[in-house]
Amino acid sequence: MNSIDETLRTMDAAEPVTGEQHLRAADTLERILAAEPEPDRPRRSRARLILVTAAVAVLAGGLTQLPDGDRAYASWTPAPTALTDAEITVIGPECQEALRDMDEARLVLAERRGDFAMLLYRTENPDMSGSCLVRNVPGSDDVDDVIAGKAGGSGPAQVVSGSDFTQGAIADFRGASITDGAVGSDVTGVTVHAGKLTAQATVRDGRYVVWWPGPAFISDDEGDPTLMITYDLTLRNGTIVADAQPARPR
């Protein structure tokens with residue numbers, strides 16, 4: 001990783017979050033937390049792609065309005081469940097179409113939280129992650145509200161060892177935030193705290209991915225976006241490392 005990549009990873013590719021945007025986002029989150037799950041209803045399958053980023057960036061601050069408004073994620077669960085092979089067979093083509101310019105990427109993680117599924121695709125050189133969030137009611141072949149984005153750097157993937165982890169790109173939508181990264185061989189669990197929400201990540205083969213229905217950034221007193229999430233790690237020996245700091249970026 002050269003100094004240019006390090007610098008780019010810390011750059012805010014978005015416009016600063018305004019106070020009004022912050023208040024709307026906070027109000028949206030409050031209503032999500034208070035909302036009762038909506039009954040299932042027939043939905044017309046459609047793919048809707050929102051590209052989160054271009055080649056290099058860590059995103060910030062309320063960039064994109066998710067479809068279906070603030071009640072979309074009422075079925076979200078703090079702990080993920082693994083997708084079955086059959087579910088991946090249904091969802092995967094929609095995500096591959098949304099990330100069609102990542103032809104060489106391979107699927108590394110796949111999880112479900114309520115009616116939504118997340119698939120993470122990776123290339124190791126260059127170090128690129130493509131995340132894909134879709135609505136797919138369990139047991140249904142209907143896949144809609146497909147949202148995909150990619151982020152990373154121009155060099156090879158960052159390597160960490162032991163109990164270290166990296167903080168990867170953060171896609172901060174108004175309705176949902178997504179992040180992924182690398183973990184050392186001693187890390188078996190990653191938990192993200194984002195305001196009132198706590199989300200357990202899916203961890204496997206040295207990678208993690210996690211998403212939650214809320215922002216990753218808040219505005220500071222000067223109106224600049226500030227990262228609000230913290231990490232806890234679970235190590236192989238059972239130790240919990242609270243408020244763990246990533247090895248990269250520093």
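These legends describe several close-up views of one predicted model.

Residues are numbered from 1 along each chain as its sequence is written, and side-chain values use heavy atoms, leaving out hydrogens and water. Because the model is predicted, local features need pLDDT of at least 70 and side-chain atom pairs count only at pLDDT 80 or more, while totals for chains, interfaces and linings use all residues.

**View 1. The protein chain has three helices and 15 strands.** Helices (H or I, at least four residues) and strands (E, at least two) are DSSP runs, numbered from the N terminus. Of the 250 residues, 50% count as buried; buried means under 20% relative accessible area, exposed over 50%, and partly exposed in between, with a 1.4 Å probe and protein chains only. The chain exposes about 11800 Å², of which carbon and sulfur atoms supply 51%. Accessible areas come from the Shrake-Rupley method with a 1.4 Å probe, and for residues only the protein chains shown count as cover. Among contacts (heavy atoms within 4.5 Å) between residues at least 6 apart in sequence, 66% join residues at least 24 apart.

**View 2. Strand β8 (residues 187-194) pairs with β14 and with β9.** Six of the eight residues of β8 are buried, so the strand is largely enclosed by the rest of the structure. Two strands pair if DSSP finds at least two bridges between them. β8 and β14 (residues 229-235) are antiparallel and share seven bridges, whereas four bridges join β8 to β9 (residues 197-200), also in the antiparallel sense. Thr 191 has Asp 232 as its bridge partner in β14 and stands opposite Gln 200 in β9. In the hairpin of β8 and β9, two residues lie between the strands, and Gly 195 takes a positive phi near 65 degrees.

**View 3. The largest nonpolar core has 35 residues.** A nonpolar core is a set of buried Ala, Val, Leu, Ile, Met, Phe, Trp, Tyr and Cys residues joined through side-chain atoms within 4.5 Å. Tyr 73, Leu 133, Val 190, Trp 211, Trp 212 and Ile 229 have the most contacts inside this core. Elements that give two or more residues to it include β2 (106-113), β3 (116-123), β8 and β14. Strand β11 gives the most, with five residues. A second, separate core of 17 residues includes Leu 119, Tyr 121, Val 146 and Ala 148.

**View 4. Phe 116 and Trp 211 form one of four aromatic pairs in the structure.** Rings of Phe, Tyr and Trp (its six-membered ring) pair if their centres lie within 6.5 Å; planes under 30 degrees apart count as stacked, over 60 as edge-to-face and the rest as tilted. This pair is edge-to-face, at 6.1 Å centre to centre and 65 degrees between the planes. Phe 116 lies in β3 and Trp 211 in β11, so the pair ties together parts that are 95 residues apart in sequence. Phe 116 is buried at 3% relative accessibility, and Trp 211 is buried at 0%.

**View 5. Phe 165 and Tyr 231 form a tilted pair.** Their ring centres are 4.9 Å apart and their planes are at 55 degrees. Phe 165 lies in the loop between β5 (144-152) and β6, and Tyr 231 in β14, so parts 66 residues apart in sequence are tied together. Phe 165 is buried at 0% relative accessibility, and Tyr 231 is buried at 2%.
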